[in-house]
Structure formats: structure tokens, C-alpha cells
Amino acid sequence: MTLSSFKHRTLLCLIALAALFGASWFYLYPLNQQSEIAGPVNISALPQQIWLEAAEHHQALNFDFLLENQGTTPVGIDSIELKAYDSNNKLVLRRSIDSNGFAPSIETLPGRVLAPGSRSLVFNPFHSFRPDVELHRLQFVFSLSIVNAAPETTASITIEPRLYQSKTRLLLPLKGKMMVHDGHDYYAHHRRLNTEHPAATELGLTQNFMRFSLDLNSTDHNFALFRGTGERNEDWYAWNAPVYAAGDGVVAQAVGNVPDNIRGGSSFFRPEQVKTDAMHFYGNYILIDHGNGEFSLLGHLQRGSLLVKPGDKVTAGQMLASMGNSGSSNNPHPHYELRSGAGLHVEGLPANFNHYQRHLGSTVLPVASGPIDTGDLLENN
């Protein structure tokens with residue numbers, strides 16, 4: 001066998017192995033050629049203060065990684081490993097996503113190649129944990145390499161999440177039976193606000209103000225969202241239903257003259273208007289200052305239905321407006337978020353609601369206090 005045919009057969013074997021084991025980044029070493037090394041990649045965590053959202057049966061982490069390729073060559077993310085430590089600095093958990101298998105877990109992350117000088121937002125893939133795991137300190141190690149080259153290098157970041165304790169006594173802003181149509185789980189659109197997306201950067205968005213948001217839909221007794229086909233706003237049980245204050249406070253902002261979008265017809269939301277009117281996202285909305293660094297925002301309200309104005313004091317459970325379909329909305333529902341301030345340059349906060357029921361088929365569980373999220377079937381009397 002000649003040297004040339006040996007090289008050719010070796011290359012074919014390597015490619016076959018790559019196909020067999022499903023490697024996302026399978027790097028071939030050029031013979032007699034020195035491999036490049038991945039340049040410096042800076043990793044930071046967003047937001048600056050990372051909150052742990054705790055429920056009875058799980059814990060959730062909701063934050064992002066911002067990666068900046070400060071080198072001169074493209075860099076690929078090969079794997080991410082998590083090491084979790086308790087308050088005694090003892091290892092309690094290890095997890096990773098990598099290129100192993102026929103459908104590698106690393107493929108759940110889009111945009112894994114960073115061009116020279118570019119920035120990329122990576123949603124934290126390790127988001128749910130058992131309630132008995134102490135998450136005092138978390139170390140994330142990114143394995144990085146130049147595409148089609150070797151060897152790998154690593155970059156790491158350590159965070160210390162803290163359990164968020166709500167300062168405001170909150171009640172659900174709807175009465176009766178309801179469904180969380182879209183919350184803030186890993187797949188929810190509120191959670192997946194990519195501030196590095198061209199559309200987000202054009203609008204000047206730098207923080208995820210809706211990180212813990214909730215789209216709530218009133219339902220009938222069987223938790224159906226609408227009558228018939230749902231083609232009209234009036235078909236939805238949420239349309240024109242009352243919206244209540246989630247907590248005590250003072251109305252900081254209120255807008256009530258935006259037309260409601262028409263199902264199957266006109267939409268009055270204009271993304272470009274956000275540049276001059278940051279809160280245009282919400283259409284008609286009410287922002288309540290709870291006086292402790294927490295603000296409740298209720299959006300997509302019905303035009304002409306607001307019962308309060310800026311400066312009014314409100315109490316938890318007080319009717320504020322009717323549910324509508326205004327702003328960035330495609331069905332009648334109220335959008336609720338607990339947040340750190342007014343405008344869009346703020347962060348969302350975890351919300352714990354008091355005294356509601358959770359429906360689990362034939363079982364109805366009373367909840368004294370706790371968070372809610374996508375798909376939950378709830379009742380509030």
C-alpha cells in the first residue's frame with residue numbers, strides 16, 4: 001500500500017467514525033501541519049443578578065450567557081459542562097451537553113459558531129433541578145475550538161444564584177378558571193428574547209424585561225380557551241373579562257386608547273414604533289409601583305376599559321380594566337409580568353402568587369404560595 005492510499009483510507013475511516021458516533025465538531029488534523037488554537041472568548045452572565053425560582057417540586061434558573069469572540073478565527077462551541085456546589089463547596093451535581101450520539105445534545109443550541117469579533121447569546125441549557133439540590137455556586141465550562149482544526153480550548157464562568165423572595169403579596173389578576181397559555185419556561189417566547197438578534201439591537205433592547213412573564217387565558221369549566229373556531233375576539237372567554245390588581249400599589253403608568261387587534265383582520269402593532277414608544281409592545285397597559293422595587297405590568301388590555309389613571313392607589317383584587325387584544329398580541333388575553341422598573345431597560349422578576357388552586361385532572365390542589373408557568377391549569381376564587 002502506498003503512503004497516498006494509506007492517507008486516503010485513514011481519512012475515510014475517520015469520516016465513517018464521525019458518522020457513526022454523531023460528532024457535531026469532528027476535527028481532522030492536517031498531516032505535517034501545526035493546528036491553530038482557538039482565540040480568547042469572553043463569557044458573561046445576564047442578568048447581573050441571577051435569581052433562582054423555587055416551586056414545590058422543582059427549581060428553575062432563568063439566565064443567559066453572552067459570548068464574545070475576541071480572537072481572529074471562527075470558534076465553535078463543542079460542549080458545555082455544569083458543576084454545582086453547595087455552601088460547603090462540595091460537589092452536588094454534574095451535567096453536560098456535548099456531541100455524543102446520533103442526535104447530539106449540543107445541537108439544541110443554535111448559532112454555535114462565533115465569527116471573529118462577534119457576540120452571541122446562549123440561553124442556559126441547564127434550567128430545571130430537583131428541589132433538594134442546593135445550588136449555591138455553579139461553574140460552567142465551555143469547550144471551544146476552531147472549526148475543522150484542533151486542539152480545543154476552554155472558557156468558564158462561575159455564578160452564585162440566589163433564591164428570589166417576593167416582596168409584594170400577589171394574587172392572580174384573573175378570577176375563575178384559567179390557563180397559562182405561554183409562561184417563561186425554557187421554550188416560551190418570553191424567555192427566549194435574544195438581545196443579540198438584529199431586530200432586538202435595532203430596537204435598542206439590552207435586557208429581558210419579560211424574563212418571567214405570563215400570558216393568562218380565561219377558560220370555560222373544561223379549560224377550553226374559546227367557543228367554536230375562535231376566529232373572532234368575542235369567541236374567546238378572555239375577551240371583555242375583568243382584570244384585577246395583583247398587589248397593592250400606585251399606578252405609575254396607564255395607557256388605554258390603543259385599538260384592539262382584530263382576529264383574522266387588522267393588527268395595530270407596529271414594531272418600529274417601539275423606537276419612540278418603548279411600551280408599544282403592550283398596547284393598552286397599566287404599570288403598578290408596589291413601592292419596594294417591584295412593579296406589576298398588565299398588558300394587552302381592551303381599549304377604553306381602564307378604570308384607573310396614573311397616581312391612583314390600588315389594592316390587590318381591585319378591578320382595573322377588561323381583557324383585550326392590543327399591542328403585540330394575537331389573541332385576547334392579559335400579559336402579566338413582575339419587573340424591576342418602568343420601560344424596557346429593566347429585568348423581569350419571579351412572581352409568587354397566593355391562595356389559588358392548581359387543577360391536575362381529577363385532583364385539585366390548593367396552593368398557599370408559589371409560581372406558575374406554561375400549561376398550568378389554575379383557578380382563582
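Let's start with N89. This residue is partly exposed, with a relative accessible area of 48%. Its place is in the loop between β5 (75-85) and β6 (91-97). N89 has a positive phi of about 65°, although it is not a glycine. Keep in mind that this is a predicted model.

Now compare H300. Its phi is also a positive value, near 65°, and again the residue is not a glycine. Where does H300 lie? In strand β18, residues 295-301. Buried or exposed? H300 is buried, with a relative accessible area of 4%.

One more backbone detail. A cis peptide bond joins L46 and P47, with omega about 0°. P47 lies in the loop between β1 (41-46) and β2 (51-54).

A word on confidence. The chain averages a pLDDT of 90. At least 70 is the score for 89% of the residues. Residues 1-35 are another matter: pLDDT stays under 50 there. For that stretch the model has 42 contacts beyond four places in sequence.

Next, the cores. In soluble globular proteins, nonpolar side chains tend to be buried together. Here, the largest nonpolar core has 35 residues. Which of them touch the most other members? F65, L67, I77, F140 and F142. The elements giving two or more residues to this core are β1, β4 (64-69), β5, β6, β8 (119-123), β10 (137-145) and β11 (153-159). The largest share, 5 residues, comes from β5. There is also a second, separate core of 32 residues. Its members include A245, M323, L338 and I372.

On to the aromatic rings. A pair of rings is described by the distance of the centres and the angle of the planes. How many aromatic pairs does the count give? It comes to 12. Take Y186 and Y187. They form an edge-to-face pair, 5.3 Å centre to centre, with 85° between the planes. Y186 counts as buried, at 11% relative accessibility. Y187 is exposed, with a relative accessible area of 64%.

Another pair is F209 and F281. This one is tilted: 5.9 Å centre to centre, 40° between the planes. F209 lies in the loop between α2 (198-202) and β14 (214-218), and F281 in the loop between β16 (249-255) and β17 (284-289), so the pair ties together parts that are 72 residues apart in sequence. Both F209 and F281 are buried.

Some rings form a group. Ring pairs link F63, F65, F126, F140 and F142 into a cluster. Among them, F65, F140 and F142 were on our list for the largest core.

Charges meet rings too. Look at Y186 again. The charged end of R192 sits over its ring, 4.9 Å from the centre. Then find Y244. K175 lies over the face of that ring, at 4.3 Å from the ring centre.

Y244 brings us to strand β15, residues 242-244. P242 lies in this strand. P242 counts as partly exposed, at 30% relative accessibility. What does P242 contact, leaving aside its neighbours within four places in sequence? P173, M319, A321 and M323. P242 and P173 are 69 residues apart in sequence. In space they are 8.7 Å apart, C-alpha to C-alpha.

Last stop: strand β21, residues 335-339. It is mostly covered, with 5 of its 5 residues buried. In a regular strand the side chains alternate between the two faces of the sheet. In β21, H335, E337 and R339 point one way. Y336 and L338 point the other way.

Which strands pair with β21? β14 does, in the antiparallel sense, over 2 bridges. There, D215 has H335 as its bridge partner. β18 pairs with β21 over 5 bridges, also antiparallel. Here F295 has R339 as its bridge partner. And strand β22, residues 348-349, pairs with β21 in the antiparallel sense over 2 bridges. L338 stands opposite L349 in β22.

To close, link two of our stops. H300, the buried residue with the positive phi, lies in β18. That strand pairs with β21. Thank you.

Terms used
Residues are numbered from 1 along each chain as its sequence is written. This is a predicted model: local features need pLDDT of at least 70, side-chain atom pairs count only at pLDDT 80 or more; totals for chains, interfaces and linings use all residues. Side-chain values use heavy atoms; hydrogens and water are left out. Helices (H or I, at least four residues) and strands (E, at least two) are DSSP runs, numbered from the N terminus. Buried means under 20% relative accessible area, exposed over 50%, partly exposed in between (1.4 Å probe, protein chains only). A nonpolar core is a set of buried Ala, Val, Leu, Ile, Met, Phe, Trp, Tyr and Cys residues joined through side-chain atoms within 4.5 Å. Rings of Phe, Tyr and Trp (its six-membered ring) pair if their centres lie within 6.5 Å; planes under 30 degrees apart count as stacked, over 60 as edge-to-face and the rest as tilted. A charge sits over a ring if NZ of Lys or CZ of Arg is within 6 Å of the ring centre and within 35 degrees of the ring normal. pLDDT is the predictor's confidence in each residue, from 0 to 100. Contact means heavy atoms within 4.5 Å. Two strands pair if DSSP finds at least two bridges between them.
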